[in-house]
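Colleague: I would like a close look at one part of this model, taken slowly and with the criteria spelled out.

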Amino acid sequence: MIYRETGQYKSNYGADEQIFPIRQDRIGVMIILALAYLVVPFIGNDYWFSAILIPFLVLSLAAIGLNLLTGYAGQLSLGSAGFMAVGAFAAYNFMLRIEGMPFLLGFILAGLSAAAVGIVFGLPSLRVKGFYLAAATLASQFFIEWVLTKFPWFTNYSASGVITAQKMVLFGYAFDTPVSRYVLTLVIVTLLALVAKNLVRTRTGRDWMAIRDMDVAAEVIGIPMLKTKLLAFAISSFYLGVAGALWAYCYLGTVEPQAFELTRSFQLLFIIIIGGMGTIVGAFFGAAFIVFFPIFLNLFTSTVFAGQLDPGMLSHLEQFVFGSLIIFFLIVEPLGLARLWQLGKQKLRLWPFPH
Amino acid sequence: MSVQGNSILTVNNIEVIYNRVILVLKGVSLDVPEGKIVALLGANGAGKTTTLKAVSNLLRAERGDVTKGSIEFRGKRVDKMTPPELVKQGVVQVMEGRRCFSHLTVEENLLTGAYTRKVGRAEIKRDLERVYAYFLPLKQRRNSQAGYTSGGEQQMMAIGRALMAQPAMILLDEPSMGLAPQLVEEIFEIVRDLNQKEKVSFLLAEQNTNVALRFADFGYILENGRVVMDGKAADLAANEDVKEFYLGISSGARKSFRDAKHYRRRKRWLA
Amino acid sequence: MLFFIEVLIGGLLAGVMYSLVALGFVLIYKASGVLNFAQGSMVLFAALSFVSILAMGVPFWLALLLTLAIMVLLGVVIEKVVLRPLVNQPQITLFMATIGLSILIEALGQMIWGSQVHGLDLGINDIPFNFYGVFISQFDLFAAGCAAVLVAGLSLFFHKTKIGRALRAVADDHQAAMSVGIPLKHVWTVVWAAAGFVALVAGLLWGSRLGVQFALTLVVLKALPVLILGGFTSVPGAIVGGLIIGATEKLAEVFIGPYFGGGIENWFPYALALVFLLIRPDGLFGEKHIERV
Ligand SMILES: Nc1ncnc2c1ncn2[C@@H]1O[C@H](COP(=O)(O)OP(=O)(O)OP(=O)(O)O)[C@@H](O)[C@H]1O
Ligand SMILES: [Mg+2]
């Protein structure tokens, strides 16, 4: 009886159009945000911040970006890490080459650069669909990787191709401790997540979904295909670009193409699939799973099989379990954790009756 | 209830749940006598398709489950059979929206219907000709890609394809969907023909109550996952409530709100 | 000029090798709409199993048969355990499942057979022979022959047999196929077994080319542009696509690559395929997607 919206009357349009129309949801979100902002920074340690929470947040953000494109607008992309790379390198080069560029502006420019590149690579989507498009997006992945490694200008002629990210300083405050970087990431991610959550309820979001469900029909009812699809690519790439910059500056501390290889693109896809396509919370669920699961697995195998298996075997075993688990997940809940969450809520609403 | 004895299909009080939470059928029972046409009527979302899929067992692929009740075909429980097993037993479903194999030719489409049969080429060939005899337009288009044929041709192809399995019973889901009235009439004529000449029994889900009741022997009316009325097709067609709510014919007398209430009360009582 | 022709022929023959991998994709995609990313891992698994069995002292032909049995079994198990429960899920879900599968098979192969690099010698003379002044690799010719036989067989299978027809029906609409009594299980099992077989052929040829090692899985990335170009559903497309990609890739590498400091072979095939796609959105030979509103 706790989760029930009875008695919550909406007396004006504003109330009916809130992001979280149900009071319990609103309270839940508040609690989580309060925990993340007011409690975690004081109880977490450096390991948690820099090895778990920051990558979790950044991956969530990137997954939101991919989800806007794939989950909402229905354009399957295998090249998302490429756009993250664009973001990371754009941030680096803007800050390097423009004297006194504030890093936040650098991040925004990173997003915008990625968006521009995204639009270019989104052009084929106007002609090409489904897996043809997916395979075509691989072109962007490989091409971007190639450009960044082949043209030393992007890495400022660094010999190894790995560059140390510049310091992030805002009004004289340097974000150089893990906790400060955590809070910075958290602020950016919260902000962009809310924007995304809102965006998908607008006209734009509905147009995306219409295109996803059947683009010919969508075009027939007057949704401009060109604008809508390219907008999806642009916004999605913007998110990925910002996430790429955060990945380099807040998580790795270095800018390097190797951080954005094809496996990263697949990882993001796993996140949105496991979390739930076409949902914003799903990105967080999925990212949590991807970040935490290997840690648990590693902990588990290294305690259970300690000393009995050689490390090579152990890593294969982990890989094996990871692969199986992904398949298992897809079988049990193909709509992702977000769907389980929703079903749970639906059950709760009916509780104590079964149907 | 109605006719017992020589029924070919009996559905006993089934309940269907989708995705483990969405209760769609709340105890549906019906009965198809051997060699008859039974119409399953009701508004959008009443559960007609769900009922047919429960019988043909295509439900499971949509995460639907029959959680209560039983389904018998010729006195044998069939609720646990797979669709191919059912086809071998003689029950074939023609799905809503026709669902032809668009990249196969018309003839290839028909041939897929004979998949479960273990007979020689000659016999298949003969059956093919028989199907063409019922559906003349198909013969001319036998080598064109099915995806480019018209809606009427596709509906014929779907029924013809089912026929190739030599079924004793066809579950026909909304044959009238998206077709011109003239064509609907034509399709129903063929259904009646098949019923009389080939002795195929039909369970037929339809929105078009008017046509369905004209061609069917018996009818069931489904509302919100419950059977609210059943009887001989002629009786149903004559029933005041059916006339008013499904056929859109008012009985001439002035309508008042009380009549509607009368129907609602009756409905609740029946359910 | 002679050099150009030599590069061209080398490229065409290399392209046949891409086609071999692409074929495995086409089979499965056609029948179940699944883009099987694990095809590369299956290629590795096949090659790895074969060399390991060979290394145990088993004679060549017996090893081949045993590997074939293993691959068919693998295909059948994958179909039963992974894909059957995912019937009716969106294509992307199935695709992701096969990425999971590729991770799993790679790990499994290396857990069973170890992860060191093996050489594989099929006993085919790889001395290039001189054909009017152009040197052609005998091995490549042999590979091309294998591919030709394979393709002819598959085409016949799709168009002339009952199960082939059922398979195409399933590819179009598997619910409808089920409704007319085509047992999906059966059809898919056949397809996966066949894909296992194709993986074996590709694994042997690629394995003896590159050595049997982890990098074999990356042939998937070579096969994808071939698929875009030729169409995911077309057997001849896989071949022609492979030839085009192989030839242009080699030519570009030799004649254009140096201007960019090389390394273009990773993305060049994709760019090429994309250009083709813009002209023909369903690939050169892909079945036209029939779309009606
Ligand atoms: N796969 C599914 N998952 C969840 N709910 C479903 C599913 N299929 C149908 N339903 C629900 O079951 C109810 C009955 O649907 P059904 O398709 O049986 O109706 P119908 O009588 O055939 O309607 P129509 O005349 O529009 O075809 C509907 O409310 C529908 O939303
Ligand atoms: Mg229906």
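Across which strands of chain B does helix H6 (residues 151-163) lie, and at about what angle to E6(B) does helix H6 run?

Modeller: This is a predicted model, in which local features need pLDDT of at least 70 and side-chain atom pairs count only at pLDDT 80 or more, while totals for chains, interfaces and linings use all residues. Residues are numbered from 1 along each chain as its sequence is written, chains are lettered from A and ligands numbered from 1 in the order in which they are written, and side-chain values use heavy atoms, with hydrogens and water left out.

Helix H6 of chain B lies across E6 and strand E7 (169-173) of chain B and runs at about 170° to E6(B). Contact here means heavy atoms within 4.5 Å, and the angle, on a scale from 0 to 180 degrees, is taken between the N-to-C directions of lines fitted to C-alpha atoms, for helices over the stretch in contact. Helices (H or I, at least four residues) and strands (E, at least two) are DSSP runs, numbered from the N terminus.

The sheet to which E6(B) and E7(B) belong is open and has 6 strands in the order E6-E7-E8-E3-E9-E10, with mixed pairing; two strands pair if DSSP finds at least two bridges between them. At its edges are strand E6 (91-94) and strand E10 (226-232) of chain B, each of which pairs on one side only. On average, and with direction ignored, neighbouring strands of this sheet are turned by 15° against each other. Within the sheet, strand E3 (residues 37-41) and strand E9 (residues 218-223) of chain B are parallel partners over 4 bridges, and Leu41(B) is placed opposite Ile221(B) in E9(B). Another helix, H7 (residues 181-197) of chain B, lies across E3, E7 and strand E8 (201-206) of chain B, at about 155° to E8(B).

Chain B also holds an open, antiparallel sheet of 4 strands, ordered E2-E1-E4-E5. Strand E2 (22-33) and strand E5 (76-77) of chain B each have a single partner strand, so one side of each of these edge strands has no neighbour in the sheet. Helix H1 (residues 48-56) of chain B lies across strand E1 (7-18), E2 and E4 of chain B, at about 110° to E1(B).

The contact between chain B and chain C takes 31 residues from chain B and 27 residues from chain C. About 2600 Å² is buried between chain B and chain C, with 57% of that area given by carbon and sulfur atoms; buried area is the accessible area (1.4 Å probe) that two parts lose on being put together, summed over both. Phe101(B), His103(B) and Tyr115(B) supply 29% of what chain B buries against chain C, more than any other three residues. There are 2 salt bridges between chain B and chain C, where a salt bridge is a side-chain nitrogen of Lys or Arg within 4 Å of a carboxyl oxygen of Asp or Glu. Glu108(B) and Arg168(C) form a salt bridge through their side chains, at 3.0 Å from N to O. On the side of chain B that touches chain C, the elements giving two or more residues are helix H2 (83-89), E6, helix H3 (106-112) and H6 of chain B.
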